[in-house]
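Hi everyone, thanks for coming. Have the sequence and the 3D view open while I talk, and let's walk through it together.

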Amino acid sequence: MTETDEPTGPPVTLIDAIDMSKLDPKFREEIKSMPNGEELSACFACSTCTAACPTANMWKYKPHQLIRMILLGMREEVLSSNEIWLCLTCYECQERCPQKVRVTDIFFDCKNLAAEEGKIPVNVLALAKELLTKGQLYTVTADWEREDMGLEPEVPGLSVDAVKTILKDTRTKKLVGGEE
Amino acid sequence: MTTYNLYIGCSVPVNYPNYEAAMLKVAQAFDMELIYLEDVACCGSPNLRAFDHMGWMTVNARTLAIADKNGYDIVTPCNGCFASLKDVYHHLKHDDETRTKINKILKKEGLEFKGTAKPRHFVEALYNDIGIDEIKKKITKPLDGVGIAIHYGCHLLRPADVTEFKPEYLQELVEATGASVVEYPLWKQCCGATVLPVDEDLAIRLARDKLKSMKEAGAVFVTVVCPACGNQLDLQQLGLKESYGEIYNLPVLAYPQILGLALGLDEEDVGLSMNRVPANPILDHLSD
């Protein structure tokens, strides 16, 4: 587990009460209907996922809490949380879940729902723009290095148009909007 | 001779032409014919998956469908590409509804995902198709037992039901070169590369944790099979000198560079001079 800064006060043992009127009871069904949500309600809150996470000690909402929040219907809090974007996607949590909940994959689904509502970190949005306009994440800047190794200067076989064409009809275009 | 489709991605050819060249030469040594897939797209991983699931599925299904045309398995040297292709392959194999939907889109280009060409990591193909015995037979300059720490990379190992990669594959491949594998506590942990766009400090801290754990366990070299992990562990060592005042001096080599040297290739063949932390000390550990 990665080191954290020195604690500034006593550990928080009391949390704010959940406002029942703000819960969205359909949220769990929404996640369950997505590609990785089938086992969601099997979670029995053992927090093994949190114990396995290398960075959860820095998170306000831990992985097991996020899963519980989904089950409770705390849609707004989950989709607005930084945590879903801070997830390393290392799959340590999912791999250890005794109930086979696809924790990491569910966070991917949450990010998609958040993005649909325009909630996406600036630097991730920049990558979306890069993919839509350039059709690739990395571009060759030092082709002499490739030539030194006896390789052709451009990335072999790469079609940038394919990505651009496909992403024009999907959410990426909507996210980037008129900025391309 | 076995033929494979090669999906090179965009990070290896841009950031690690030495990894690419070493892989091609190692493949040649074992009679593996690698054909670069033509007209394929960047996998977008894992960022694209995070904000545009359908776009990510389509882009990768298209690559799989192009490989289906000749039916040869796909090999890739990148964990990110491997994860995207393997994950999408897994989804399409198990989800008829999505497969129909995606195939409708691909039909516009005259393509169809059939699932005949399987996406595989290059090192897994080395292990399962060539095999440790054959590899050992061709080693002419074995390493002298020097300690190498393996950084597998998350997306090679997990989720295991999707990746189907076992840690012992890479462990035995490293041992086949004559090196010894250094076990270290954080062997399964993430290098931090994926979180770079959202929290750079955290990414650096994770790389530091890894390097520290390897160094303390007595590793002399590190091996990787992913350009993103390679970048984190190799290049970040220069940054750690500035941010933490720490010098790790742990050369990070792509596995085909190590195997290539043990097969008798010279340092130019595997592009040793392009490694950020000078990797030439490994030459002192090769027997003649």
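**Domains, helices and a chain contact**

Let's start with chain A: its domain assignment gives domain 1 (22–116) and domain 2 (122–179). Domain bounds here come from an automatic or database domain assignment. The C-alpha centres of those two domains of chain A lie 30 Å apart.

Quick housekeeping. This is a predicted model, so local features need pLDDT of at least 70 and side-chain atom pairs count only at pLDDT 80 or more, while totals for chains, interfaces and linings use all residues. Residues are numbered from 1 along each chain as its sequence is written, and chains are lettered from A and ligands numbered from 1 in the order in which they are written.

Now chain B. It is divided into domain 1 (2–122) and domain 2 (139–285), with 24 Å separating their centres, taken over C-alpha atoms. Their contact takes 24 residues from domain 1 of chain B and 25 residues from domain 2 of chain B. By contact I mean that two residues have C-beta atoms, placed from the backbone, within 7 Å. On the domain 1 side, α1, α2 and α5 of chain B each supply at least two residues, and α2(B) gives the most, with 9 residues. Helices, by the way, are DSSP runs (H or I, at least four residues), numbered from the N terminus.

So, is α5(B) mostly enclosed or open? Well, 12 of its 16 residues are buried, so the rest of the structure largely encloses it. Buried means 20 or more other C-beta atoms within 10 Å of the residue's own, with C-beta atoms placed from the backbone; 12 or fewer is exposed, and in between is partly exposed. Among the buried ones are F82(B), L85(B) and Y89(B). The length works out too: at 1.5 Å a residue, the 16 residues of α5(B) (79–94) should span 22 Å, and the end C-alpha atoms are 22 Å apart, which agrees. That expected span is 1.5 Å times one less than the number of residues.

Next, helix pairs. α7 (residues 122–130) and α11 (residues 167–176) of chain B pack at about 75 degrees, with their axes 10 Å apart. That makes α7(B) roughly perpendicular to α11(B). The cut-offs are under 35 degrees for roughly parallel, over 145 for roughly antiparallel, 65 to 115 for roughly perpendicular, and oblique for the rest. Axes are lines fitted to C-alpha atoms, for helices over the stretch in contact, and angles run from 0 to 180 degrees between N-to-C directions. V123(B), E124(B), L126(B) and Y127(B) of α7(B) meet Y169(B), L170(B), E172(B) and L173(B) of α11(B). That contact has 6 nonpolar, no polar and 2 charged residues. For those classes, Ala, Val, Leu, Ile, Met, Phe, Trp, Tyr, Cys and Pro count as nonpolar, Asp, Glu, Lys and Arg as charged, and the others, Gly among them, as polar.

Last stop: how do the chains meet? 50 residues of chain B are in contact with 47 residues of chain A. α4(B) gives the most to chain B's side, with 6 residues. That side divides into 27 nonpolar, 12 polar and 11 charged residues.

To finish, find T170(A), in the loop between α10 (160–168) and α11 (171–176) of chain A. With 21 C-beta neighbours inside 10 Å, T170(A) counts as buried. Leaving out residues up to four places away in sequence, T170(A) touches D52(B), M54(B), G55(B) and T58(B).
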